[in-house]
Amino acid sequence: MKGLNQFIVDIRNSKDIEEEKKRINLELNNIQSKFNSNINSYQKKKYVCKLIYIYLSGYADSVDFGLKESFQLVCSSSHSEKQLGYLALSVLINNDKSTQSTRDFLDSLLDQVHSYLIKDLQSSNEDTNCLAVQFIASNFNLPESTTVRVNEADESAPKWLELIDIVYSFVTSPIHKSVIKKKAAIALYSLLKLYPQVLISNNNWIPRLLSLADDKDYGVSIASIPLIQFVVKSKPQFVKAIIPAISLKLYNIIIENKCPEEYYYYKSPAPWLVVKLLQLIEYFFFLSDTNDYAVLSIADLDEQTLNNLRSVVAQSIQNASQPIKGLPNRNSQSSTLFQAVSLAVFLDASSDAINGAINALMMLLTSNETNTRYLALDALIKLTARSTSNNLSASPSIDEKYTKIFKLLYDRDISVRRKSLDLLYTITNASSYSMVITKLLDYFPLCDFTLKPELAIKIAVLAEKFATDSTWYVTTMLKLLSISGGVNSNGTNYIGNEVWERIVQIIVNNEDLQKKTSKLIINLLKKPFSSTDNTPIALSENLIKVAAFVLGEYGDQVTYMSELSTKLQFHLLYDAYFKVSLTTRAMLLTTFLKFFVKYPDEDFIPEIMDLFEIEELSLDLEIQTRAHEYLTLATHKYSQQLFKEVLKPMPIFVKKESHLMDRIGSVSHIVGVNRSKSLVLAKNISSNKSKAARGIDSSPILDENSDGSNPFEEESKPVVLSPNWYSGYHRMLHYDAGIFYEDQLIKITYRVIKEGCALTLKLTIINNSAKTAGTDITGLTVLNLESLTDDHDPNYVLNLKQLPESTFHDKANMEISVKIRNVVENHESPILSITFMCGGSFNTLNLKFPVLLLKTLTSTALNGLDEFNRRWAQIGELLGPQGESSQAVNLTHRYNSSNIVRLLSRLGFAVVHATSDETDNTILVMGAGILHTQKTNYGVLATLKSTDQVGKEFEVAIRCSGGGVAEVVAITMKEILEGKF
Amino acid sequence: MSIHFILVLNRQGKIRLAKWFNNSYTQEDKHKFVSDIHRLISSRDTKKQSNFVEYQSTKLVYRRYAGLYFICSVDLVDSELSYLESLHFLVEILDTYFDNVCELDLVFNFYKLYNILDEIYLGGEIQEISKKKILDRLAYLDKLS
């Protein structure tokens with residue numbers, strides 16, 4: 001566009017801003033008149049383009065026209081004109097935003113563009129589809145933290161839904177190219193952020209969206225990560241379904257070198273994808289349900305997945321430990337390293353692996369690149385803060401490591417200095433605290449002004465946390481206060497009030513410290529810590545504050561020593577009085593009043609009275625008030641009683657957490673840092689059983705609320721089981737091997753292996769379509785293994801031991817292990833959900849399988865019918881009605897005695913007595929067995945008696961040595977016999 | 001886990017490219033960000049200081065190429081190096097596309113920059129990471145009239 005280039009040149013050649021403005025105004029007039037005349041579409045494109053340029057050059061306010069022409073361009077059949085039309089819309093419509101809320105803006109934008117977008121989304125031209133999808137993703141995108149929400153009741157809701165439906169169809173359609181798929185995945189993510197309800201009411205979308213992670217096209221993979229993260233965040237129960245695919249993908253890239261050539265960046269295979277995938281998995285470990293229980297733990301991962309992840313992490317760490325040439329390579333490798341290290345802790349990596357990571361990171365600390373030093377520190381902080389066994393502080397040659405880190409306190413970049421301080425804070429432990437604190441105190445005077453408050457608080461917290469010797473603690477803290485005297489250029493103290501207030505709290509709460517501190521503080525006031533270079537240290541306000549309090553309260557405990565006399569104490573404080581700020585003076589006035597009461601005969605009393613008189617005229621309201629009240633008290637014919645009331649000793653502090661933690665800085669955000677328990681303070685606070693302290697500790701309120709429900713569960717419908725699920729379920733009730741499920745595409749066979757309270761379920765998934773159509777099963781995912789037992793005290797625990805391969809031609813195996821912990825109720829059986837693709841169709845199966853107490857039954861040898869009868873009576877005596885349950889059973893076809901005997905033996909009963917098929921009219925079969933749970937075993941006795949003449953009606957009577965268990969077993973027996981639920 | 005905006009500023013602070021992925025900003029916010037960020041970044045020492053600096057509870061990741069600062073604002077939890085290298089990736093794409101890119105290319109082809117960005121990033125997320133695929137796609141789009 002020649003005219004455009006000329007215009008830009010002209011603008012750039014303007015001598016000054018006035019000339020530029022003039023030219024712009026001229027052009028604006030010109031464009032406006034052109035728009036009013038008849039121009040062709042090329043000219044339209046050119047003038048709209050000029051308009052955008054003017055807008056972007058800082059003349060946004062002057063561009064108040066051109067929308068009509070932009071819309072005309074959007075309707076053009078030429079791709080480039082359409083493209084420019086959309087660009088113009090997104091630039092020019094944005095203009096109105098400052099006057100309205102974000103929500104109103106989005107609604108009005110939607111109103112204006114909706115019909116155009118729909119038309120382009122429905123076009124048969126994919127390039128046109130792309131433009132509309134891009135417009136959606138770019139202009140309706142808000143951060144995930146947004147509170148802007150579309151609700152069903154909103155007037156605009158149908159329009160949003162229409163967009164979402166079409167975009168969703170692009171994401172999941174098998175016929176669209178990956179270029180539109182990836183754009184649509186991002187656009188869908190933007191739309192769902194605004195309208196999350198859609199995802200909750202469209203449960204069936206989720207498996208399809210999750211399968212995007214496994215897409216062969218890496219572009220689709222990386223573009224769908226935010227969407228997948230969003231889906232899993234709203235439905236955390238799917239987290240286990242998605243991890244195997246992601247870890248396999250990582251494994252293929254990092255270990256198997258399966259990354260396609262075009263996705264290599266220099267020598268690194270798809271570094272951005274790797275980082276994002278690692279980050280996604282790390283995110284999963286942070287997910288928690290509504291009761292703050294972590295959704296994912298390492299025990300939930302099958303062995304293969306865990307091994308894949310561990311190898312990926314180990315390899316990434318190893319790759320980065322070798323010298324790497326070229327900045328792009330180095331950056332890519334390091335970004336993978338940092339992400340891998342961050343994840344390593346969650347994988348319960350071996351200490352070898354962690355030490356490897358620490359060494360690789362320590363090596364990077366001496367790098368010449370500031371970026372690398374900064375990020376290596378950051379990674380070390382995460383690693384040490386999250387890992388439970390403090391690997392870094394326990395690692396070999398730790399002293400050398402400390403030296404390296406201390407050196408970084410003097411780095412050229414302040415961000416590095418701050419990070420190294422954070423790292424020291426995280427790695428300090430009971431064996432190094434004293435050394436670290438000494439070094440940090442030495443560092444204090446040399447430290448940046450902006451870093452001083454943080455440094456002071458870190459020292460205070462570390463000292464409190466690890467102190468074992470109270471004298472050491474007080475000395476250290478007073479030293480901190482005295483060297484941190486002085487103010488920064490804004491006139492505020494280097495360190496916040498929290499520090500001295502905390503010291504006072506601790507002194508009040510620990511009687512043995514009171515005398516000691518008084519001594520120390522007097523000596524400090526007499527002779528401050530001298531700094532190494534002999535420059536006088538500024539008077540420390542914070543120290544005076546502590547002194548004012550401590551000497552006022554406990555100063556009398558040391559006056560028996562002449563060098564610590566009352567008189568001396570008074571003069572030290574009195575000398576400081578006029579050198580300190582008004583707040584501190586107010587505190588000192590109170591101290592002097594305490595002196596006045598405690599030592600009425602000392603010769604400094606008149607000085608106190610004079611001071612009160614002078615300060616009664618103070619301009620400061622607080623000082624004036626105090627002086628006036630204290631003077632009145634002192635000159636009044638006081639009674640000792642009145643003073644006792646006014647100057648009550650400080651009560652013990654009961655609040656458990658320290659305000660210091662509010663100021664600790666960014667380290668506190670890293671999960672795993674738990675430093676609120678104080679050694680010094682803990683003893684007194686815990687012995688002082690106040691209500692407040694218990695209120696924090698005990699948590700019955702929490703327990704009442706935690707009923708284990710997931711709020712999403714309530715809103716979503718329960719899982720709908722696949723048709724024909726029951727025959728497999730029923731078969732598994734009494735047969736230990738057979739067919740679990742079958743349809744045209746797939747057949748699943750099973751085998752149950754019993755071992756006490758542990759059951760192993762081996763499933764073989766057979767591809768039925770291989771023979772008929774020759775197609776493979778692909779993308780097989782175990783979406784969910786939903787156990788319907790209580791989450792927090794489950795009656796049984798499921799573990800996916802072996803995952804089936806996701807792609808196969810013939811068959812794939814999977815294995816689930818079950819541990820029965822307690823009496824499993826009959827409605828608690830789990831649901832296995834799997835999804836797979838076969839010949840382009842996307843299939844979901846939801847199959848229930850029986851996890852029942854009766855499945856743990858093993859036979860027991862009884863000495864004939866007599867013993868059976870004896871035990872039968874015994875249970876009746878012991879448990880009464882609790883021990884027995886009987887059920888009337890109606891069978892669909894006739895059973896004879898041998899049928900019943902076979903059935904009972906199959907279930908695991910030892911048959912003790914059976915009537916004969918030939919001779920007896922009434923059928924009676926008795927059996928005995930043992931039920932196993934992790935907690936205990938139960939003896940169980942069964943009697944089956946026919947109640948008609950043909951063998952179709954029976955009474956099943958069960959007695960069991962556990963209260964209430966008989967009923968559970970009887971109902972299961974009824975279901976087995978009747979084949980109905 | 002996303003980019004809030006990408007800015008390309010020259011040393012005088014003139015905007016060469018501004019792509020705002022986060023649509024909650026007002027015009028005023030944008031002006032303020034640009035001038036704040038220019039002041040913040042131009043005062044940093046390229047040799048001694050890192051390429052990352054925190055700004056308004058986000059992280060700025062930036063790098064200077066000749067007279068231009070390429071800057072992106074990402075979440076605090078995001079990987080700095082990954083985005084730093086992504087900026088370099090963008091610069092390499094521009095360099096190939098414009099055949100030795102210089103500041104003037106960006107000035108005269110400002111509208112094309114948006115089309116290029118739309119093939120690499122979208123809605124603040126990384127959309128494609130294969131240089132070949134992006135360049136092929138751009139060549140294909142240029143052929144469409």
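Tutor: Start with a term. A helix here is a DSSP run of H or I with at least four residues, and helices are numbered from the N terminus. The model is a predicted one. Now look at A:Thr336. This residue sits in helix α16 of chain A, which covers residues 327-344. Is A:Thr336 buried or exposed? The cut-off for buried is a relative accessible area under 20%. A:Thr336 has 8% relative accessibility, so this residue counts as buried. Its contacts come next. Leaving aside residues up to four places away in sequence, A:Thr336 touches A:Val274, A:Val275, A:Leu278 and A:Ser316.

Step back to the whole of chain A. The chain has 981 residues, and 54% of them are buried. It holds 41 helices and 16 strands. Take the contacts in chain A with a separation of 6 or more: 69% of them join residues 24 or more positions apart. The chain exposes about 43,300 Å², and carbon and sulfur atoms supply 50% of that area.

Now go to a place where chain A meets chain B. The contact of α3(A) with α4(B) has seven nonpolar residues, no polar ones and no charged ones.

B:Asn22 has a relative accessible area of 6%, so it is buried. What does B:Asn22 touch, not counting residues up to four places away in sequence? In chain A, the partners are A:Asn141, A:Leu142 and A:Pro143. In chain B, the partner is B:His4. Compare B:Gln12. B:Asn22 and B:Gln12 are ten residues apart in sequence, yet their C-alpha atoms are 25 Å apart in space.

Finish with the record for chain B. An unreviewed UniProt entry annotates residues 3-144 of chain B as "domain: AP complex mu/sigma subunit". In the model, that span is 45% helix and 26% strand. The C-alpha atoms at its ends lie 30 Å apart.

How values were computed. Residues are numbered from 1 along each chain as its sequence is written. Chains are lettered from A and ligands numbered from 1 in the order in which they are written. This is a predicted model: local features need pLDDT of at least 70, side-chain atom pairs count only at pLDDT 80 or more; totals for chains, interfaces and linings use all residues. Side-chain values use heavy atoms; hydrogens and water are left out. Helices (H or I, at least four residues) and strands (E, at least two) are DSSP runs, numbered from the N terminus. Buried means under 20% relative accessible area, exposed over 50%, partly exposed in between (1.4 Å probe, protein chains only). Contact means heavy atoms within 4.5 Å. Accessible areas come from the Shrake-Rupley method with a 1.4 Å probe; for residues, only the protein chains shown count as cover. Ala, Val, Leu, Ile, Met, Phe, Trp, Tyr, Cys and Pro count as nonpolar, Asp, Glu, Lys and Arg as charged, and the others, Gly among them, as polar. UniProt positions are given in the numbering used here, feature names are shortened, and annotations may be inferred rather than shown by experiment.
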